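Subject: Structure for your review

Dear colleague,

Please find the structure below, followed by an account of what was found in it. I would ask you to keep the 3D view open while you read.

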Amino acid sequence: MSGSILITGGFGNLGSWLSEYFCKAGYDVTILSHHEHKALPNLSYQTILADITNLNTLKNVLTQNYDYCLHTASHNDFFVDNYEQQALMVNAIGTRNLLEVLHDKINKHFIYFSTFHVYGKSSGKIDEQTIASPKNDYASTHLFGETYIEQFVQTKQFPASVIRLTNSYGAPKQMNATKWYLILNDLSRMAYEKKQLTLLSNGNPTRDFIAMADVCQIIEKMLPLEAIGEKYNISGQNCITMLEIAQKVQQTYQNRHQSNLDITINTDDTSTSQSLYIDSTKLYSQINFQPTQRFEDEINSIFDLLENNG
């Protein structure tokens, strides 16, 4: 299977994984980015520079048809100044601008990358029937984006679907990546640079994790699905604690370097772990997929990146 594919945010954390994957799979890839980036090595793709919050610019640069679009561009760094306004402009208005320009230019499938945070739940079971109840601007602005998808599906018969992604992990494709604060990246770099691991919590908080390599495979399998405004969860369906993540980094480091690595937790934190299960049966049953565990491989890849750029 192949075809033309537009990847918004294609130099980003997950976007760079998707760009590399679909280039290597033989697709005609175009990356839409809001600024210049260092080239992804040994790959053939086109680049379009544009800010998705500027509708007129998008109209001028997005003039051709594509079989598919993977819309990963978003503003997720909630700790920056004026995050609320920036997230609204990029995640909501930017998504609507793309839909306005592309609604008659996507031939087969437009996939919007939302987040499981739209559910606003940290415990219990979540499936696609769970009512969305966002608790922060990150979640709310992605839900706004989903609403625009629904609008264009209904009024333009736009071939779009939404995925609500949990925490994806994978080694950054380049050293100048902006997502080193993500837990696996952060702990791996901490181990490499400080030779110790320090958790801000007591280690009990849980997260659902899925490998970016799995996400890439899932998305390719999704492309032929009939896009009729469906929503799908993409999860690892297996929550683990922050301490367990730290222990995976610890074990991989010790196996790699044959030296001990201590883990320190925050003993003042009295929080307890909550059971959370994010069900992806709806999608996985349609595409015949089971998520894998790739923590050790990705931790080693992060160490490789750090050592090669040290």
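Thr72 touches Thr8, Gly9, Gly10, Gly15, Leu18 and Phe113, leaving out residues up to four places away in sequence. Please bear in mind that the model is a predicted one. Thr72 itself sits in the loop that runs between strand S4 (66-71) and helix H3 (83-102). Its relative accessibility is 16%, and the limit for a buried residue is under 20%, so Thr72 counts as buried.

Apart from residues up to four places away in sequence, Phe113 touches Leu14, Leu18, Leu70, His71, Thr72, His142, Ile163, Leu165, Val215 and Ile219. Phe113 also belongs to the largest nonpolar core, which has 36 residues; Leu70, Phe113, Ile219, Met222 and Ile234 are the members that touch the most others. Helix H6 gives the largest share of this core, 7 residues. Another core lies apart from it and holds 24 residues, including Trp180, Leu187, Leu197 and Ile240. As general background, nonpolar side chains tend to be buried together in soluble globular proteins.

Ser4 is part of strand S1 (residues 4-8), and with a relative accessibility of 13% it counts as buried. Which residues is Ser4 in contact with, leaving aside its neighbours within four places in sequence? They are Asp28, Asn65, Tyr66, Asp67 and Tyr68. The side chain of Ser4 reaches the backbone nitrogen of Asp67 at 2.9 Å. Ser4 and Tyr68 are separated by 64 residues in sequence, yet their C-alpha atoms are 6.4 Å apart in space.

I turn now to the strands. There is an open sheet of 3 strands in the order S8-S10-S12, and its pairing is mixed. Strands S8 (167-169) and S12 (239-241) are at the edges and have a single partner strand each, so one side of each has no neighbour in the sheet. From one strand to the next, the twist averages 55°. S8 pairs with S10 (residues 206-211) in the parallel sense, over 3 bridges, and Asn167 stands opposite Phe209 in S10. Helix H6 (residues 212-222) packs on the sheet, where it touches S8 and S10, and its direction makes about 60° with that of S10.

Strand S7 (residues 160-165) and strand S11 run parallel and are joined by 4 bridges. Within S11, Tyr232 is the bridge partner of Ile163. Both faces of S11 (residues 231-234) are covered: Lys231 and Asn233 are buried on one side, and Tyr232 and Ile234 are buried on the other. In a regular strand, side chains alternate between the two faces of the sheet.

Finally, there are the aromatic rings, for which the count comes to 9 pairs. How are the rings of Tyr169 and Phe209 arranged? Their centres are 6.3 Å apart and their planes stand at 70°, so the pair is edge-to-face. Because Tyr169 lies in strand S8 and Phe209 in strand S10, this pair ties together parts that are 40 residues apart in sequence. Tyr169 and Phe209 are both buried. Elsewhere, ring pairs link Tyr21, Phe22 and Tyr27 into a cluster.

Yours sincerely

Note on methods
Residues numbered from 1 in each chain as written. Predicted model: local features only at pLDDT ≥ 70, side-chain atom pairs only at ≥ 80, totals over all residues. Heavy atoms only, no water. Pairing = 2+ DSSP bridges. Helix = DSSP H or I, 4+ residues; strand = E, 2+ residues; numbered from the N terminus. Axes fitted to C-alpha atoms, helices over the stretch in contact; angles between N-to-C directions. Contact = heavy atoms within 4.5 Å. Buried < 20%, exposed > 50% of the residue type's maximum accessible area, 1.4 Å probe, protein only. Polar contact = N/O pair within 3.5 Å; in protein donor to acceptor, adjacent residues only side chain to side chain. Core = buried A, V, L, I, M, F, W, Y, C linked by side-chain atoms within 4.5 Å. Phe/Tyr/Trp six-rings, centres within 6.5 Å; stacked < 30°, edge-to-face > 60°.
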